[in-house]
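Please read them alongside the sequence and the model.

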Amino acid sequence: MGKDRIFAEPFRIKVVEPIKMSTQQERWGNMKDAGYNTFLLKSKDVYIDLLTDSGTSAMSDNQWSGIMIGDEAYAGSENWFALEDAVRDIYGFKYITPTHQGRGAENILSTIMINPGDYVPGNMYFTTTRFHQEKNGATFVDIIIDQAHNSEAEDPFKGNVDLQKLRDLIDRVGAEKIPYVSLAVTVNMAGGQPVSMKNMREVKELCTQHKIPVMYDATRCVENAYFIQQREAGYAAKSVREILKEMFSYADGCTMSGKKDCLVNIGGFLAMNSEELYQKATELVVVYEGMPSYGGMAGRDMEAMARGIYEMVDDAYIKYRISQVQYLGQKLIEAGIPIVRPVGGHAVFLDARRFLEHIPQEQFPAQALAAAIYADGGVRTMERGIVSAGRDKNTGENHQPKLELVRVTIPRRVYTLSHMDVVAECIKNVYTNRQKIKGLKFVYEAPQLRFFTARFKPIVPWEEWEGTV
Ligand code: F0G
(Lines give C-alpha, C1' and ligand atoms only; values in the text may rest on other atoms or scores of the structure.)
Protein backbone atom coordinates (compact mmCIF):
# COMPACT_ATOMS: atom_id res chain seq x y z
CA MET A 1 0.00 0.00 0.00
CA GLY A 2 1.69 3.15 -1.20
CA LYS A 3 4.94 1.21 -0.82
CA ASP A 4 5.75 0.40 -4.41
CA ARG A 5 4.38 3.46 -6.15
CA ILE A 6 5.33 7.08 -5.95
CA PHE A 7 2.48 9.20 -4.67
CA ALA A 8 2.08 12.88 -3.90
CA GLU A 9 -0.20 15.08 -1.84
CA PRO A 10 -3.58 15.45 -3.62
CA PHE A 11 -3.68 19.22 -3.10
CA ARG A 12 -1.82 22.43 -3.88
CA ILE A 13 -0.65 24.61 -1.01
CA LYS A 14 -2.31 28.03 -0.97
CA VAL A 15 -1.39 29.36 2.46
CA VAL A 16 1.80 28.61 4.35
CA GLU A 17 2.76 28.93 7.99
CA PRO A 18 6.49 29.35 8.63
CA ILE A 19 8.10 26.96 11.10
CA LYS A 20 11.36 27.65 12.82
CA MET A 21 14.31 25.48 13.67
CA SER A 22 15.74 26.13 17.11
CA THR A 23 19.32 25.42 18.13
CA GLN A 24 20.30 22.23 19.86
CA GLN A 25 21.20 24.09 23.00
CA GLU A 26 17.79 25.75 23.11
CA ARG A 27 16.03 22.43 22.67
CA TRP A 28 17.87 20.66 25.47
CA GLY A 29 16.95 23.62 27.69
CA ASN A 30 13.29 23.65 26.56
CA MET A 31 12.94 19.96 27.27
CA LYS A 32 14.26 20.36 30.82
CA ASP A 33 12.00 23.39 31.37
CA ALA A 34 9.02 21.29 30.20
CA GLY A 35 9.83 18.60 32.78
CA TYR A 36 10.63 16.06 30.01
CA ASN A 37 6.93 16.15 29.04
CA THR A 38 6.29 17.04 25.38
CA PHE A 39 2.78 18.24 26.31
CA LEU A 40 4.42 21.07 28.25
CA LEU A 41 6.55 22.41 25.39
CA LYS A 42 5.63 25.68 23.73
CA SER A 43 4.42 25.23 20.16
CA LYS A 44 6.76 27.97 18.96
CA ASP A 45 9.73 25.88 20.10
CA VAL A 46 8.67 22.87 18.03
CA TYR A 47 9.95 22.33 14.49
CA ILE A 48 7.71 19.47 13.32
CA ASP A 49 4.73 18.91 15.59
CA LEU A 50 3.66 15.26 15.62
CA LEU A 51 2.16 15.34 19.11
CA THR A 52 -1.30 14.52 17.83
CA ASP A 53 -3.59 14.36 14.83
CA SER A 54 -6.32 15.91 16.98
CA GLY A 55 -7.48 19.37 15.96
CA THR A 56 -4.29 19.84 13.99
CA SER A 57 -5.63 19.27 10.46
CA ALA A 58 -5.32 21.81 7.68
CA MET A 59 -8.73 22.89 6.41
CA SER A 60 -9.47 23.20 2.71
CA ASP A 61 -10.41 26.37 0.82
CA ASN A 62 -13.94 24.98 0.78
CA GLN A 63 -13.99 24.69 4.57
CA TRP A 64 -12.51 28.16 5.06
CA SER A 65 -15.18 29.63 2.82
CA GLY A 66 -17.74 27.85 5.01
CA ILE A 67 -16.29 29.71 8.00
CA MET A 68 -17.44 32.96 6.39
CA ILE A 69 -21.06 31.87 6.36
CA GLY A 70 -21.16 31.09 10.05
CA ASP A 71 -24.68 31.68 11.38
CA GLU A 72 -23.95 32.57 14.98
CA ALA A 73 -27.54 32.49 16.21
CA TYR A 74 -27.86 31.08 19.72
CA ALA A 75 -30.47 28.58 18.54
CA GLY A 76 -31.39 26.94 15.25
CA SER A 77 -28.28 28.00 13.31
CA GLU A 78 -28.25 27.14 9.60
CA ASN A 79 -24.86 25.54 10.07
CA TRP A 80 -26.28 23.14 12.63
CA PHE A 81 -28.75 21.83 10.08
CA ALA A 82 -25.93 21.41 7.57
CA LEU A 83 -23.95 19.42 10.14
CA GLU A 84 -26.94 17.32 11.16
CA ASP A 85 -27.63 16.48 7.50
CA ALA A 86 -23.99 15.56 6.86
CA VAL A 87 -23.83 13.24 9.87
CA ARG A 88 -27.13 11.56 8.94
CA ASP A 89 -25.98 11.18 5.36
CA ILE A 90 -22.48 9.79 5.97
CA TYR A 91 -22.76 8.06 9.36
CA GLY A 92 -26.39 7.04 8.97
CA PHE A 93 -27.67 7.70 12.51
CA LYS A 94 -31.06 9.30 13.14
CA TYR A 95 -30.27 11.56 16.08
CA ILE A 96 -27.25 13.79 16.64
CA THR A 97 -26.17 15.71 19.73
CA PRO A 98 -23.33 18.15 19.00
CA THR A 99 -20.52 18.54 21.55
CA HIS A 100 -17.41 20.68 21.78
CA GLN A 101 -15.18 17.63 21.18
CA GLY A 102 -15.08 13.87 21.66
CA ARG A 103 -14.83 13.77 25.43
CA GLY A 104 -17.93 15.96 25.70
CA ALA A 105 -19.82 13.18 23.90
CA GLU A 106 -18.17 10.54 26.10
CA ASN A 107 -19.27 12.40 29.21
CA ILE A 108 -22.90 12.47 28.07
CA LEU A 109 -22.96 8.87 26.84
CA SER A 110 -21.33 7.49 30.01
CA THR A 111 -23.60 9.53 32.26
CA ILE A 112 -26.84 8.44 30.61
CA MET A 113 -26.00 4.78 30.07
CA ILE A 114 -23.85 3.63 33.00
CA ASN A 115 -25.02 2.68 36.50
CA PRO A 116 -22.51 2.24 39.34
CA GLY A 117 -21.27 -1.36 39.41
CA ASP A 118 -21.60 -1.84 35.64
CA TYR A 119 -18.91 -3.23 33.32
CA VAL A 120 -18.00 -1.61 30.02
CA PRO A 121 -16.13 -3.91 27.64
CA GLY A 122 -13.95 -2.27 25.02
CA ASN A 123 -11.28 -3.12 22.44
CA MET A 124 -8.44 -1.60 24.49
CA TYR A 125 -8.95 1.54 26.49
CA PHE A 126 -8.65 5.17 25.47
CA THR A 127 -7.64 7.62 28.20
CA THR A 128 -10.63 10.00 28.26
CA THR A 129 -13.13 7.28 27.30
CA ARG A 130 -12.15 5.06 30.22
CA PHE A 131 -12.01 8.04 32.54
CA HIS A 132 -15.68 8.87 31.88
CA GLN A 133 -16.73 5.23 32.21
CA GLU A 134 -14.97 4.92 35.56
CA LYS A 135 -16.20 8.30 36.77
CA ASN A 136 -19.72 6.98 36.35
CA GLY A 137 -18.97 3.88 38.41
CA ALA A 138 -18.17 1.32 35.71
CA THR A 139 -15.25 -1.07 35.46
CA PHE A 140 -13.57 -1.14 32.07
CA VAL A 141 -12.85 -4.63 30.70
CA ASP A 142 -10.42 -5.10 27.83
CA ILE A 143 -11.79 -7.53 25.22
CA ILE A 144 -9.37 -6.89 22.38
CA ILE A 145 -7.57 -9.86 20.79
CA ASP A 146 -4.31 -10.80 22.52
CA GLN A 147 -2.20 -9.98 19.45
CA ALA A 148 -3.07 -6.29 19.91
CA HIS A 149 -0.83 -6.20 22.97
CA ASN A 150 2.13 -7.56 21.03
CA SER A 151 3.87 -4.89 18.96
CA GLU A 152 5.42 -7.47 16.62
CA ALA A 153 2.34 -9.53 15.77
CA GLU A 154 1.45 -8.90 12.12
CA ASP A 155 -2.34 -9.07 11.92
CA PRO A 156 -4.39 -7.08 9.39
CA PHE A 157 -7.15 -6.36 11.94
CA LYS A 158 -5.36 -6.04 15.22
CA GLY A 159 -8.20 -3.95 16.67
CA ASN A 160 -10.64 -6.86 16.61
CA VAL A 161 -12.68 -7.94 19.59
CA ASP A 162 -12.01 -11.41 20.97
CA LEU A 163 -15.59 -12.68 20.99
CA GLN A 164 -14.75 -15.33 23.58
CA LYS A 165 -13.60 -12.62 25.99
CA LEU A 166 -16.92 -10.84 25.48
CA ARG A 167 -18.91 -14.06 25.98
CA ASP A 168 -16.95 -14.81 29.15
CA LEU A 169 -17.73 -11.37 30.54
CA ILE A 170 -21.43 -11.74 29.76
CA ASP A 171 -21.42 -15.15 31.52
CA ARG A 172 -19.53 -13.79 34.50
CA VAL A 173 -21.41 -10.56 35.25
CA GLY A 174 -24.67 -10.93 33.29
CA ALA A 175 -25.82 -8.88 30.29
CA GLU A 176 -27.84 -6.52 32.50
CA LYS A 177 -24.58 -5.28 34.04
CA ILE A 178 -23.20 -4.31 30.62
CA PRO A 179 -24.77 -1.01 29.52
CA TYR A 180 -23.01 -1.11 26.15
CA VAL A 181 -19.97 -2.39 24.34
CA SER A 182 -17.51 0.37 23.49
CA LEU A 183 -15.95 -0.41 20.12
CA ALA A 184 -13.18 1.86 18.84
CA VAL A 185 -12.62 1.98 15.08
CA THR A 186 -9.60 2.28 14.73
CA VAL A 187 -7.89 1.54 18.06
CA ASN A 188 -5.66 4.44 18.96
CA MET A 189 -3.76 2.90 21.87
CA ALA A 190 -3.06 -0.33 19.96
CA GLY A 191 -1.26 1.67 17.28
CA GLY A 192 -4.15 2.91 15.12
CA GLN A 193 -5.19 -0.66 14.30
CA PRO A 194 -8.45 -1.38 12.45
CA VAL A 195 -11.40 -3.66 13.19
CA SER A 196 -12.65 -5.90 10.37
CA MET A 197 -16.20 -5.69 9.05
CA LYS A 198 -16.66 -9.36 9.91
CA ASN A 199 -15.73 -8.67 13.52
CA MET A 200 -18.11 -5.69 13.75
CA ARG A 201 -20.91 -7.87 12.38
CA GLU A 202 -20.15 -10.65 14.86
CA VAL A 203 -19.97 -8.28 17.82
CA LYS A 204 -23.34 -6.86 16.85
CA GLU A 205 -24.89 -10.34 16.49
CA LEU A 206 -23.66 -11.44 19.90
CA CYS A 207 -24.80 -8.20 21.52
CA THR A 208 -28.22 -8.38 19.87
CA GLN A 209 -28.72 -11.85 21.37
CA HIS A 210 -28.09 -10.34 24.81
CA LYS A 211 -29.82 -6.99 24.17
CA ILE A 212 -26.58 -5.05 24.72
CA PRO A 213 -26.18 -1.87 22.64
CA VAL A 214 -22.96 -1.37 20.66
CA MET A 215 -21.56 2.15 20.72
CA TYR A 216 -18.62 2.98 18.49
CA ASP A 217 -15.84 5.38 19.24
CA ALA A 218 -15.89 6.55 15.62
CA THR A 219 -13.05 9.04 15.99
CA ARG A 220 -10.98 7.52 13.16
CA CYS A 221 -13.69 5.48 11.40
CA VAL A 222 -12.73 6.60 7.89
CA GLU A 223 -9.21 5.32 8.40
CA ASN A 224 -10.73 2.04 9.55
CA ALA A 225 -12.94 1.94 6.43
CA TYR A 226 -9.89 2.42 4.23
CA PHE A 227 -8.11 -0.54 5.83
CA ILE A 228 -11.21 -2.66 5.21
CA GLN A 229 -11.18 -1.60 1.56
CA GLN A 230 -7.50 -2.55 1.26
CA ARG A 231 -7.39 -5.69 3.37
CA GLU A 232 -10.75 -7.43 3.71
CA ALA A 233 -12.07 -9.77 1.05
CA GLY A 234 -15.07 -8.39 -0.80
CA TYR A 235 -14.45 -4.69 -0.17
CA ALA A 236 -11.81 -3.70 -2.74
CA ALA A 237 -14.37 -2.34 -5.18
CA LYS A 238 -16.40 -0.42 -2.57
CA SER A 239 -15.87 3.25 -1.75
CA VAL A 240 -14.97 4.24 1.82
CA ARG A 241 -18.32 5.96 1.94
CA GLU A 242 -20.15 2.70 1.26
CA ILE A 243 -17.95 0.83 3.71
CA LEU A 244 -18.65 3.40 6.42
CA LYS A 245 -22.39 2.96 5.96
CA GLU A 246 -22.10 -0.76 6.47
CA MET A 247 -19.83 -0.30 9.52
CA PHE A 248 -22.38 1.93 11.22
CA SER A 249 -25.24 -0.44 10.40
CA TYR A 250 -23.73 -2.66 13.13
CA ALA A 251 -23.80 0.10 15.75
CA ASP A 252 -26.51 1.66 17.90
CA GLY A 253 -24.68 4.92 18.17
CA CYS A 254 -21.27 6.53 18.36
CA THR A 255 -19.18 9.18 20.00
CA MET A 256 -17.08 11.24 17.67
CA SER A 257 -14.15 13.58 17.99
CA GLY A 258 -14.51 15.74 14.89
CA LYS A 259 -10.95 16.93 15.51
CA LYS A 260 -9.61 13.85 13.72
CA ASP A 261 -11.42 12.35 10.70
CA CYS A 262 -13.69 15.36 10.16
CA LEU A 263 -10.74 17.63 9.30
CA VAL A 264 -11.55 20.43 11.73
CA ASN A 265 -9.78 22.05 14.65
CA ILE A 266 -12.63 21.67 17.15
CA GLY A 267 -15.96 19.86 17.43
CA GLY A 268 -17.60 16.53 18.06
CA PHE A 269 -20.90 14.74 18.48
CA LEU A 270 -22.83 11.88 19.93
CA ALA A 271 -25.10 10.06 17.48
CA MET A 272 -27.68 7.32 17.99
CA ASN A 273 -30.80 5.66 16.65
CA SER A 274 -32.79 5.50 19.90
CA GLU A 275 -35.17 8.38 20.45
CA GLU A 276 -35.24 7.70 24.18
CA LEU A 277 -31.48 7.94 24.41
CA TYR A 278 -31.53 11.12 22.37
CA GLN A 279 -34.01 12.68 24.79
CA LYS A 280 -31.68 11.96 27.68
CA ALA A 281 -28.67 13.29 25.76
CA THR A 282 -30.58 16.47 25.01
CA GLU A 283 -31.32 16.96 28.69
CA LEU A 284 -27.61 16.75 29.51
CA VAL A 285 -26.15 18.63 26.56
CA VAL A 286 -27.74 21.84 27.78
CA VAL A 287 -26.00 21.37 31.13
CA TYR A 288 -22.50 20.62 29.88
CA GLU A 289 -22.16 21.90 26.32
CA GLY A 290 -24.89 24.30 25.17
CA MET A 291 -28.10 24.27 23.13
CA PRO A 292 -28.82 20.99 21.30
CA SER A 293 -28.25 22.98 18.11
CA TYR A 294 -24.64 23.96 18.83
CA GLY A 295 -23.26 21.90 21.73
CA GLY A 296 -20.20 24.05 22.36
CA MET A 297 -19.38 24.84 18.74
CA ALA A 298 -19.60 28.17 16.95
CA GLY A 299 -21.82 28.21 13.85
CA ARG A 300 -18.74 28.58 11.65
CA ASP A 301 -17.11 25.54 13.25
CA MET A 302 -20.20 23.46 12.54
CA GLU A 303 -20.11 24.53 8.89
CA ALA A 304 -16.43 23.61 8.59
CA MET A 305 -17.19 20.20 10.08
CA ALA A 306 -20.19 19.61 7.81
CA ARG A 307 -17.92 20.24 4.82
CA GLY A 308 -15.05 18.24 6.31
CA ILE A 309 -17.32 15.21 6.64
CA TYR A 310 -17.74 15.12 2.85
CA GLU A 311 -14.03 15.69 2.24
CA MET A 312 -13.00 12.87 4.58
CA VAL A 313 -14.79 10.26 2.46
CA ASP A 314 -13.03 11.29 -0.74
CA ASP A 315 -11.12 8.14 -1.72
CA ALA A 316 -8.13 10.08 -3.09
CA TYR A 317 -7.77 11.99 0.18
CA ILE A 318 -7.93 8.96 2.46
CA LYS A 319 -5.53 7.00 0.27
CA TYR A 320 -2.99 9.83 0.54
CA ARG A 321 -3.58 10.17 4.26
CA ILE A 322 -2.84 6.54 5.08
CA SER A 323 -0.05 6.29 2.49
CA GLN A 324 1.82 9.14 4.16
CA VAL A 325 1.75 7.34 7.50
CA GLN A 326 2.87 4.10 5.79
CA TYR A 327 5.69 6.00 4.06
CA LEU A 328 7.18 7.11 7.37
CA GLY A 329 6.65 3.65 8.88
CA GLN A 330 8.42 1.99 5.97
CA LYS A 331 11.44 4.29 6.32
CA LEU A 332 11.76 3.36 9.99
CA ILE A 333 11.33 -0.35 9.32
CA GLU A 334 14.07 -0.18 6.70
CA ALA A 335 16.35 1.48 9.27
CA GLY A 336 15.71 -1.35 11.74
CA ILE A 337 13.85 0.85 14.25
CA PRO A 338 11.43 -1.16 16.44
CA ILE A 339 7.87 0.01 15.67
CA VAL A 340 4.38 -1.44 16.07
CA ARG A 341 3.53 -3.65 13.10
CA PRO A 342 1.57 -3.34 10.93
CA VAL A 343 1.74 0.46 10.68
CA GLY A 344 -1.60 1.96 11.74
CA GLY A 345 -3.81 4.69 10.35
CA HIS A 346 -2.89 7.92 12.09
CA ALA A 347 0.59 7.40 13.45
CA VAL A 348 3.73 5.36 13.58
CA PHE A 349 4.22 3.98 17.08
CA LEU A 350 7.78 3.38 18.30
CA ASP A 351 8.22 0.42 20.61
CA ALA A 352 10.09 2.01 23.51
CA ARG A 353 10.63 -1.34 25.26
CA ARG A 354 12.76 -2.56 22.37
CA PHE A 355 14.16 0.88 21.51
CA LEU A 356 15.45 1.49 25.05
CA GLU A 357 16.06 -2.01 26.36
CA HIS A 358 18.21 -0.64 29.19
CA ILE A 359 15.35 1.37 30.78
CA PRO A 360 12.77 -0.57 32.88
CA GLN A 361 9.09 0.33 32.46
CA GLU A 362 8.90 1.94 35.91
CA GLN A 363 11.46 4.49 34.69
CA PHE A 364 9.17 5.57 31.83
CA PRO A 365 11.12 4.63 28.70
CA ALA A 366 8.52 6.00 26.27
CA GLN A 367 8.41 9.33 28.12
CA ALA A 368 12.21 9.52 27.95
CA LEU A 369 12.23 8.60 24.26
CA ALA A 370 9.71 11.31 23.35
CA ALA A 371 11.84 13.86 25.20
CA ALA A 372 14.97 12.66 23.40
CA ILE A 373 13.35 12.91 19.97
CA TYR A 374 12.43 16.52 20.66
CA ALA A 375 15.92 17.35 21.90
CA ASP A 376 17.46 15.76 18.82
CA GLY A 377 15.42 17.22 16.00
CA GLY A 378 12.72 19.52 17.38
CA VAL A 379 10.14 16.84 16.54
CA ARG A 380 7.34 16.63 19.08
CA THR A 381 5.80 13.19 19.74
CA MET A 382 3.75 11.70 22.59
CA GLU A 383 4.20 9.04 25.27
CA ARG A 384 1.61 6.24 25.06
CA GLY A 385 2.74 3.81 27.72
CA ILE A 386 2.75 3.50 31.49
CA VAL A 387 2.35 7.24 32.11
CA SER A 388 -0.75 7.44 29.87
CA ALA A 389 -2.19 4.26 31.40
CA GLY A 390 -2.39 5.89 34.86
CA ARG A 391 -3.21 4.10 38.10
CA ASP A 392 -5.78 1.45 38.97
CA LYS A 393 -8.83 3.24 40.41
CA ASN A 394 -9.11 0.71 43.29
CA THR A 395 -5.55 -0.21 44.24
CA GLY A 396 -3.78 3.03 43.25
CA GLU A 397 -1.04 0.96 41.61
CA ASN A 398 0.29 1.88 38.17
CA HIS A 399 -1.39 0.06 35.31
CA GLN A 400 1.42 -1.73 33.48
CA PRO A 401 0.46 -1.84 29.81
CA LYS A 402 2.28 -4.35 27.64
CA LEU A 403 2.65 -1.64 25.01
CA GLU A 404 5.15 1.04 25.98
CA LEU A 405 5.01 3.32 22.95
CA VAL A 406 5.88 6.70 21.54
CA ARG A 407 3.31 7.93 19.06
CA VAL A 408 4.62 9.79 16.04
CA THR A 409 1.29 11.19 14.93
CA ILE A 410 0.68 12.67 11.51
CA PRO A 411 -1.71 15.64 11.29
CA ARG A 412 -3.95 15.56 8.20
CA ARG A 413 -2.85 17.56 5.13
CA VAL A 414 -0.25 19.54 7.13
CA TYR A 415 3.21 18.12 6.48
CA THR A 416 4.82 16.93 3.25
CA LEU A 417 6.81 13.82 2.48
CA SER A 418 10.01 15.86 2.96
CA HIS A 419 8.99 16.50 6.53
CA MET A 420 8.57 12.74 6.93
CA ASP A 421 12.12 12.24 5.67
CA VAL A 422 13.42 14.71 8.29
CA VAL A 423 11.47 12.91 11.03
CA ALA A 424 12.90 9.55 9.97
CA GLU A 425 16.44 10.97 10.07
CA CYS A 426 15.84 12.33 13.56
CA ILE A 427 14.51 9.04 14.93
CA LYS A 428 17.43 7.18 13.37
CA ASN A 429 19.89 9.53 15.06
CA VAL A 430 18.19 9.04 18.42
CA TYR A 431 18.40 5.27 17.88
CA THR A 432 22.14 5.54 17.29
CA ASN A 433 22.51 7.51 20.52
CA ARG A 434 20.00 5.49 22.54
CA GLN A 435 22.42 4.35 25.26
CA LYS A 436 22.80 7.99 26.32
CA ILE A 437 19.10 8.20 27.25
CA LYS A 438 18.39 7.36 30.88
CA GLY A 439 15.24 6.66 32.91
CA LEU A 440 13.02 9.31 34.50
CA LYS A 441 11.15 9.78 37.77
CA PHE A 442 8.08 11.84 38.62
CA VAL A 443 8.43 15.34 40.01
CA TYR A 444 4.69 16.05 39.74
CA GLU A 445 1.80 13.68 39.03
CA ALA A 446 -1.86 14.77 38.72
CA PRO A 447 -4.46 12.37 40.19
CA GLN A 448 -6.16 11.79 36.83
CA LEU A 449 -5.12 11.90 33.17
CA ARG A 450 -1.64 12.52 34.53
CA PHE A 451 0.18 12.38 31.18
CA PHE A 452 -1.07 15.84 30.20
CA THR A 453 0.63 17.74 33.01
CA ALA A 454 3.17 15.42 34.67
CA ARG A 455 6.73 16.62 35.22
CA PHE A 456 9.83 14.42 35.38
CA LYS A 457 13.55 14.50 35.96
CA PRO A 458 16.29 12.05 35.00
CA ILE A 459 17.34 9.45 37.55
CA VAL A 460 20.92 9.94 36.36
CA PRO A 461 21.95 12.85 34.10
CA TRP A 462 21.77 12.31 30.34
CA GLU A 463 24.83 12.56 28.17
CA GLU A 464 23.75 15.01 25.43
CA TRP A 465 24.53 14.37 21.76
CA GLU A 466 24.57 16.25 18.48
CA GLY A 467 21.09 16.33 16.98
CA THR A 468 19.88 16.28 13.39
CA VAL A 469 18.98 19.96 13.07
N1 F0G B 1 -11.44 8.65 21.40
C2 F0G B 1 -10.27 8.48 20.79
C3 F0G B 1 -9.96 7.18 20.13
C4 F0G B 1 -9.35 9.54 20.75
O5 F0G B 1 -8.20 9.36 20.13
C6 F0G B 1 -9.69 10.77 21.38
C7 F0G B 1 -8.74 11.87 21.40
C8 F0G B 1 -10.93 10.88 22.01
C9 F0G B 1 -11.78 9.81 22.00
C10 F0G B 1 -11.33 12.15 22.72
O11 F0G B 1 -11.61 13.14 21.80
O12 F0G B 1 -9.86 14.89 22.22
O13 F0G B 1 -11.95 15.40 20.95
O14 F0G B 1 -12.03 15.03 23.38
N15 F0G B 1 -7.53 11.73 21.12
C16 F0G B 1 -6.51 12.76 21.06
C17 F0G B 1 -5.21 12.12 20.70
C18 F0G B 1 -6.44 13.62 22.24
O19 F0G B 1 -4.20 12.83 20.68
O20 F0G B 1 -5.19 10.93 20.39
P21 F0G B 1 -11.34 14.70 22.11
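1. Buried residues are those under 20% relative accessible area, exposed residues those over 50%, and partly exposed residues those in between (1.4 Å probe, protein chains only). Helices (H or I, at least four residues) and strands (E, at least two) are DSSP runs, numbered from the N terminus. This is a predicted model, in which local features need pLDDT of at least 70 and side-chain atom pairs count only at pLDDT 80 or more, while totals for chains, interfaces and linings use all residues. Residues are numbered from 1 along each chain as its sequence is written, and side-chain values use heavy atoms, with hydrogens and water left out.

2. Helix α9 spans residues 240-249, and its buried residues are Val240, Ile243, Leu244, Met247 and Phe248. These residues lie on the same side of α9 because they cover an arc of only 130 degrees around the axis; the arc is that of the directions from the helix axis to the C-beta atoms.

3. Arg241 also belongs to helix α9, but Arg241 is partly exposed, with a relative accessible area of 36%. Contact here means heavy atoms within 4.5 Å. Leaving aside neighbours within four places in sequence, Arg241 is in contact with Asp89, Ile90, Tyr310 and Val313. Arg241 and Arg407 are 166 residues apart along the chain, and their C-alpha atoms are separated by 28 Å.

4. Helix α9 packs with helix α7 (residues 197-209) at an angle of about 20 degrees, the axes being 9 Å apart. This angle makes α7 roughly parallel to α9. Axes are lines fitted to C-alpha atoms, for helices over the stretch in contact, and angles run from 0 to 180 degrees between N-to-C directions. Angles under 35 degrees count as roughly parallel, over 145 as roughly antiparallel, 65 to 115 as roughly perpendicular and the rest as oblique. On the α7 side the contact involves Met197, Met200 and Arg201, and on the α9 side Ile243, Glu246 and Met247. By class, the residues of the contact of α7 with α9 are 4 nonpolar, no polar and 2 charged. In this classification Ala, Val, Leu, Ile, Met, Phe, Trp, Tyr, Cys and Pro count as nonpolar, Asp, Glu, Lys and Arg as charged, and the others, Gly among them, as polar.

5. Val222, Glu223, Tyr226, Phe227 and Gln229 of α8 meet Asp315, Ile318, Lys319, Arg321, Ile322 and Gln326 of α12. The contact of α8 with α12 comprises 5 nonpolar, 2 polar and 4 charged residues.

6. A search of the whole structure finds 27 salt bridges, a salt bridge being a side-chain nitrogen of Lys or Arg within 4 Å of a carboxyl oxygen of Asp or Glu. One of them joins the side chains of Asp49 and Arg380 (2.9 Å, N to O). Asp49 lies in strand β1 (residues 48-49) and Arg380 in strand β10 (residues 379-380), so the pair ties together parts that are 331 residues apart in sequence. Arg380 is buried, with a relative accessible area of 6%.

7. Glu84 and Arg88 form a salt bridge with their closest N and O atoms 3.2 Å apart. Both residues lie in helix α3 (residues 78-91), 4 residues apart, about one turn of the helix. Glu84 counts as buried at 12% relative accessibility, whereas Arg88 is partly exposed at 35%.

8. Arg354 forms a salt bridge with Glu152, the closest N and O atoms being 3.6 Å apart. The pair links distant parts of the chain, 202 residues apart: Arg354 is in helix α13 (residues 352-355) and Glu152 in the loop between β4 (139-142) and α6 (163-173). Arg354 is partly exposed, with a relative accessible area of 26%, and Glu152 is partly exposed, with 48%. Elsewhere, salt bridges that share partners join Asp53, Arg220, Glu223, Arg321 and Arg412 into one network.

9. Met305, in helix α11 (residues 299-312), counts as buried at 0% relative accessibility. Leaving aside neighbours within four places in sequence, Met305 is in contact with Leu83, Gly258, Cys262, Val264, Gly267, Gly268, Phe269 and Met297.
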